[in-house]
Amino acid sequence: MKFAIITHAVHKKVNNTLFAYEPYVREMNLWSKYVEKVKIISPISFENISTIEEKYQHKEVSFLKIPSFNIVTFSNMVKSIFVIPVILFRILKVMIWADHIHLRCPGNIGLLGCFVQILFPSKPKTVKYAGNWDPRSIQPFSYRLQKKIISNTFLTRNCKVLVYGEWKNQSKNIVPFFTASYYNNELEEIPKKNLNSLIKFIFVGTFSEGKQPLLSVKTIALLKSKKHNVQLDMYGNGVEFNKVKKYIRDNNLSDFVILHGNQPKEKIKKAYQKAHFLLFISKSEGWPKVVAEAMFWRCLPISSDVSCVRSMLDIGKRGVVLNANATISEIYEIVGHFMKNPKIIKKRH
């Protein structure tokens with residue numbers, strides 16, 4: 001079988017080996033075990049490989065690069081007029097070649113792929129919608145358009161659409177899907193964690209406005225000012241990293257708020273195992289894998305009611321579900337209540 005992947009995920013090529021974002025590549029490595037040839041169409045970067053990127057393991061992987069684009073600024077809108085026809089032609093070419101078409105959505109490349117796949121009603125297809133499928137959520141027009149196309153069984157035929165969480169009143173091609181983070185052979189027995197000494201919090205994710213890393217920092221600072229023995233370890237990077245770093249420095253928080261940057265999977269796994277709480281109040285999620293990983297290692301998630309988090313945490317029975325717009329004082333009250341009543345935590349571990 002010839003398997004085509006159309007994605008906006010930026011790829012890197014070193015010595016004829018392809019690399020991309022590790023969780024996505026790990027998933028594609030599992031899928032590609034069942035096909036003879038893989039062809040990927042995506043943007044390319046010539047930057048160095050980072051610690052959060054992984055290589056494809058399939059021996060028959062080929063790559064067709066396309067330019068990335070966006071319509072955020074006027075100049076980019078003008079540029080996209082010339083770029084989009086090139087991308088559409090290359091997507092068409094790859095879909096003609098493929099026996100099975102796999103689209104990664106939401107994203108600009110995924111949106112174009114949604115339109116082109118309509119021309120191939122008889123070819124088997126899968127779509128992985130890695131964003132928030134919640135029909136109630138407020139999302140950009142391009143995201144809503146992708147959802148309408150791929151859930152329309154007339155426009156998108158012979159296709160399974162994998163979405164995070166179970167939602168009511170969905171078309172018959174929608175399949176609830178959860179991404180595994182670990183293999184069975186990685187299972188370890190984690191002893192119950194007590195709150196008698198240093199209480200460790202963890203933040204894992206992109207340092208972006210939507211993930212609200214500074215909110216976690218300010219919450220820990222408030223806990224510390226109330227004489228709680230706490231520490232926050234933060235893993236990840238992004239556009240907000242320097243802002244968070246400056247806030248920590250300006251407010252003398254570096255003794256108990258530690259920035260680790262991007263780290264390999266093994267290091268983050270060890271951090272989960274030592275942490276008591278995940279503090280992750282995100283405003284936008286698809287599959288919040290950090291919540292699943294935290295639960296796996298007896299690290300109690302304190303997270304926000306976005307995407308399928310409410311279902312994952314069983315409406316708060318397996319953690320804490322807060323409003324994404326929760327204030328520092330609201331988070332403090334919840335965390336403080338747990339720290340004063342450790343028996344409640346044991347019930348939710």
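**Note on helix packing and selected buried residues**

1. Leu 215, Lys 218, Thr 219, Leu 222 and Leu 223 of H5 are in contact with Ile 328, Ile 331, Tyr 332, Val 335 and Met 339 of H10, contact meaning heavy atoms within 4.5 Å. By class, these residues comprise eight nonpolar, one polar and one charged. Here Ala, Val, Leu, Ile, Met, Phe, Trp, Tyr, Cys and Pro count as nonpolar, Asp, Glu, Lys and Arg as charged, and the others, Gly among them, as polar.

2. This is a predicted model, in which local features need pLDDT of at least 70 and side-chain atom pairs count only at pLDDT 80 or more, while totals for chains, interfaces and linings use all residues. Residues are numbered from 1 along each chain as its sequence is written, and side-chain values use heavy atoms, with hydrogens and water left out. Helices (H or I, at least four residues) and strands (E, at least two) are DSSP runs, numbered from the N terminus.

3. The axes of H5 (residues 213-225) and H10 (residues 328-340) come within 10 Å and cross at roughly 55 degrees. H5 is therefore oblique to H10. Axes are lines fitted to C-alpha atoms, for helices over the stretch in contact, and angles run from 0 to 180 degrees between N-to-C directions. Angles under 35 degrees count as roughly parallel, over 145 as roughly antiparallel, 65 to 115 as roughly perpendicular and the rest as oblique.

4. For H2 (residues 74-97) and H3 (residues 108-116), the axes come within 10 Å and cross at roughly 55 degrees. From H2, Ile 84, Ile 87, Leu 88, Ile 91, Leu 92 and Met 95 take part in the contact, and from H3, Ile 109, Leu 112, Gly 113 and Val 116. Nine of the residues in this contact are nonpolar, one is polar and none is charged.

5. Helix H8 (residues 289-296) has Val 290, Val 291, Ala 292, Glu 293 and Ala 294 as its buried residues, buried meaning under 20% relative accessible area, exposed over 50% and partly exposed in between (1.4 Å probe, protein chains only). They pack against strands E12 (199-204), E15 (277-280) and E16 (300-304), and against helices H7 and H9 (309-312). Arg 298, which follows H8, has a positive phi near 60 degrees.

6. Gln 273 is in H7 (residues 265-274) and counts as buried because its relative accessibility is 15%. Not counting residues up to four places away in sequence, Gln 273 touches Glu 188, Ile 190, Lys 193 and Trp 297.

7. Asn 132 sits in the loop between strand E9 (125-129) and helix H4 (141-151). Asn 132 is buried, at 13% relative accessible area.
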